[in-house]
2 protein chains.
Amino acid sequence: MQDDLASLKARLREHNDLESAASLLRWDQATYMPSGGAGARGRQLATLERLAHDRIADPEIGQLLDKVDAALRRGDETPTTAALVRVARRDHERATRVPSAFVSEFANHRAETYELWTRARPENDFSRICPKLEKTVELSRTYASFFAPYEHVADPLIDDADPGMNASTVRALFAELRRELVPLVRAMTSVPPADDRCLFQTFAEEDQLAFGQMLAGRFGYDFVRGRQDKTHHPFMTKFSLGDVRITTRVRADDLSEALFSTLHEAGHAIYEQNIDVSFEASPLGQGASAGIHESQSRLWENLVGRSRPFWKAFYPSLQKLFPGQLGAVSLETFYRAINKVARSLIRTNADEVTYGLHVIMRFDFELDLLEGKLAVRDLPEAWRERFRADFGIVPETDSDGVLQDVHWYDGFVGGAFQGYALGNLMSAQFFEAAVMAHPDLPHEIESGRFDTLRGWLATNVHRHGRMYLPAELVEKATGKELGIAPYIAYLRTKYGELYPI
Amino acid sequence: MQDDLASLKARLREHNDLESAASLLRWDQATYMPSGGAGARGRQLATLERLAHDRIADPEIGQLLDKVDAALRRGDETPTTAALVRVARRDHERATRVPSAFVSEFANHRAETYELWTRARPENDFSRICPKLEKTVELSRTYASFFAPYEHVADPLIDDADPGMNASTVRALFAELRRELVPLVRAMTSVPPADDRCLFQTFAEEDQLAFGQMLAGRFGYDFVRGRQDKTHHPFMTKFSLGDVRITTRVRADDLSEALFSTLHEAGHAIYEQNIDVSFEASPLGQGASAGIHESQSRLWENLVGRSRPFWKAFYPSLQKLFPGQLGAVSLETFYRAINKVARSLIRTNADEVTYGLHVIMRFDFELDLLEGKLAVRDLPEAWRERFRADFGIVPETDSDGVLQDVHWYDGFVGGAFQGYALGNLMSAQFFEAAVMAHPDLPHEIESGRFDTLRGWLATNVHRHGRMYLPAELVEKATGKELGIAPYIAYLRTKYGELYPI
């Protein structure tokens, strides 16, 4: 058993090393790569992805899993080993269903589509990318077909990102959520919006970066095991437990851009940095799902980073850093500015309240596209219609509409978006449970300390990596099934104070 | 044939992709990686190196090579395909001789040794790293043994770096070279050294970097397909023809550090950027050898970058950039400062004339260590003795002696150094041939133009990649066998004007 387990772990580590190398190639592509490197980089990534796939799909991993499993059943079991075998088997079996040739074909298609999107988006040219996106939908269906039978064609794609979830469970949650959000948004947008002009002055980029890094460090992001670089579309990436990096973008004329993307990505990174060290380079050593991951980024960005206690602690330093710009702006004005609720076109810039509607809309489109109910060429018009219905406004260009998010142009259609809204729900549920366990938490935050919160998250969420399914993890950590109640309660309490709801 | 050739190329490309990924991991390690990432990075690199080795050693590559070879003999031959098969077969056959387990063992040993060296060097603690270096010598012998029979145990290691060379040919060249250098150095160091204090003032780092990049761009280094970053030990690395990067280090108190390392690395990069595009991602698409590569870096650094015509063109801009520091320093004083000849302890800081002696000494030690004539524990003392004999001075610490160069602590003992001195010889021979073909070349340089020189190098050296063995390439480009005469003539002419020789 020990020999088999060691061999199994060595093979899983090798798979992990290839994945980590691919992540570094992607990080470099998004930060420092000269433009001349684009073509070869796409090919190199496709090679690494195919090799990684072949590694985890290797029948010898299946045999080792069987042997270790048998030994476990004879009683050598430890919970960690059992979880390792369970998660590795899931990864292995899913990989064996997908032919290596498909992995290559999709990797190449994805690289070409992404490359085209980077030009189609600024040029507002959906027609140019339409054939590629049609192909993506077709390949997404093919991918799903490898996992037949299923209830809904999106199920395998959703399950990839958020294990244990499917179209039906997500649809039910989202229906409830939408029922609550639509009237909330309507009420909040019926009054004049908050004045957020204080955020749109001129702020030196270096100072913005330094302030964000100071906050990330206070949250507990360990810069000895990480760093921050600039990019176009902020993300977090991990090459090992000792090297978890974040990226951001800075705009001199918009203070909120770098600030909140830094807090957001730091939330992702703190999660990865606190996973049990014994899971390192194994399938257990990652975040549990897209939704759980997003719960951590949104928790630090919003429940902490847009809260009154937080800014009671840090607004004075921000004023000291930008005395000309903020010296005469009160904490209350600043607080209302960073929590302005408004109907807006761009998901990533949306406030906490309208955000969910952006996500639910995309989720619905994914199901419609995969079901064939909606043709790709009709997507821009469908987007405008739905936007009018949900938000009462219509994007003037596809750049601000269907072309805005990278996801469908750099991956499958299906499973790409639900994690964002699930994450919001979970963030409130986790935070509620943390405050229940430590009622003094808001006061700690008010004094600029985060140890108790981070400790609670590390103990109840982070360290477990992929030990538990997302739904199990939520229930284990909060004592309750995943639901919309904590999130809606959070919104009502916070915004009830600011808006007539 | 076409199918087999396409399959062969696809497999070679895959090997190249893994090597390129490994290069990016190394670049990142040397530039941006947080210290926490070191452990996992070593393991990831070992995995990629082993997979790359297994890929090129794959018996199916051997079979494809046989098939393509047979087709070529039936007359489908093109010179490029014939060269591709020849070079790929060399790589394949060399790889098949080395067991995969050895590749892993050495990669791990190398990572540990390097890690230890980064601490042993500043602490001047040779005894700490001695057991590791003993193991390196043993593993180097084992590696050589895979290629038995050979004339000298160092031959396989020399042949890796400089194909077609061996201990006997290199020894013969070096004996001649040393015979010329020792009296030259004696004569030049018998008079008071040039005054180089103008280089050791305070120079803003950003300005230094900008000036070096301007020069590199003028040489013809294409920044759309490259970039420069800071590191501890400057190097050039290539991820694809479209992404060839250089690194440098900057010292505010030493103008020559960043300046000449930038010109040097730009020389390496220009070589790689000008290899025939059809060789991309194949075994032909790299520099021909360590020596040829070094000839390009040294040519731009020294024959151009430390020449009078060059500084006639650019010294005024340098004075304009640093008016307080250099405004009152004449071109002649500056020229003599950057060409000061002196007995010094550190190879990488040595002037052009003494440089060869540093290299020959290391080459001789490599042979002695591999032959078992010299024990690793006796190396520091042997170093001091040889230094006294060759330079008339003795390093006070091992940090300035046997611990100074990374090579033996990050690779094999054997084959690591001869390329540096071969490169100097070749640089002069290439430059002489270029001037013979274009007698106006020095005047072009004097007016800050390098197109003719770069064009000659691209046509006669760069574009060929690994098409020819180094000795063939030198002969093809210069019409003469590789020899010491052009180099010695260059030194005598240049330094005859400055010193009583």
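Copies are superposed by least squares on the C-alpha atoms of residues with pLDDT of at least 70 in both. Keep that in mind for the two chains compared here. The model is a predicted one.

**The two copies**

Chain A can be laid on chain B with an RMSD of 0.0 Å. The move is a turn of 180 degrees, with a shift of 0.0 Å along the axis. That is why the relation is one of a two-fold axis. Which C-alpha of chain A is nearest the axis? It is that of Ala21(A), 3.4 Å from the axis.

**Domains of chain A**

Chain A is divided into domain 1 and domain 2. Their bounds are set out below.

| Domain of chain A | Residues |
|---|---|
| Domain 1 | 2-97 |
| Domain 2 | 197-344 + 423-471 + 485-496 |

The C-alpha centres of domain 1 and domain 2 of chain A lie 30 Å apart. The two domains also touch. Their contact takes 17 residues from domain 1 of chain A and 17 residues from domain 2 of chain A.

Now take the side of domain 1 of chain A that touches domain 2 of chain A. Which elements give two or more residues to that side? They are helix H1 (2-31) and helix H4 (79-97) of chain A. The largest share, 11 residues, comes from H1(A). By class, this side of domain 1 of chain A has 8 nonpolar, 5 polar and 4 charged residues.

Conventions. Residues numbered from 1 in each chain as written. Chains lettered and ligands numbered in written order. Predicted model: local features only at pLDDT ≥ 70, side-chain atom pairs only at ≥ 80, totals over all residues. Domains from an automatic or database assignment. Contact = placed C-beta atoms within 7 Å. Helix = DSSP H or I, 4+ residues; strand = E, 2+ residues; numbered from the N terminus. Nonpolar A, V, L, I, M, F, W, Y, C, P; charged D, E, K, R; others polar.
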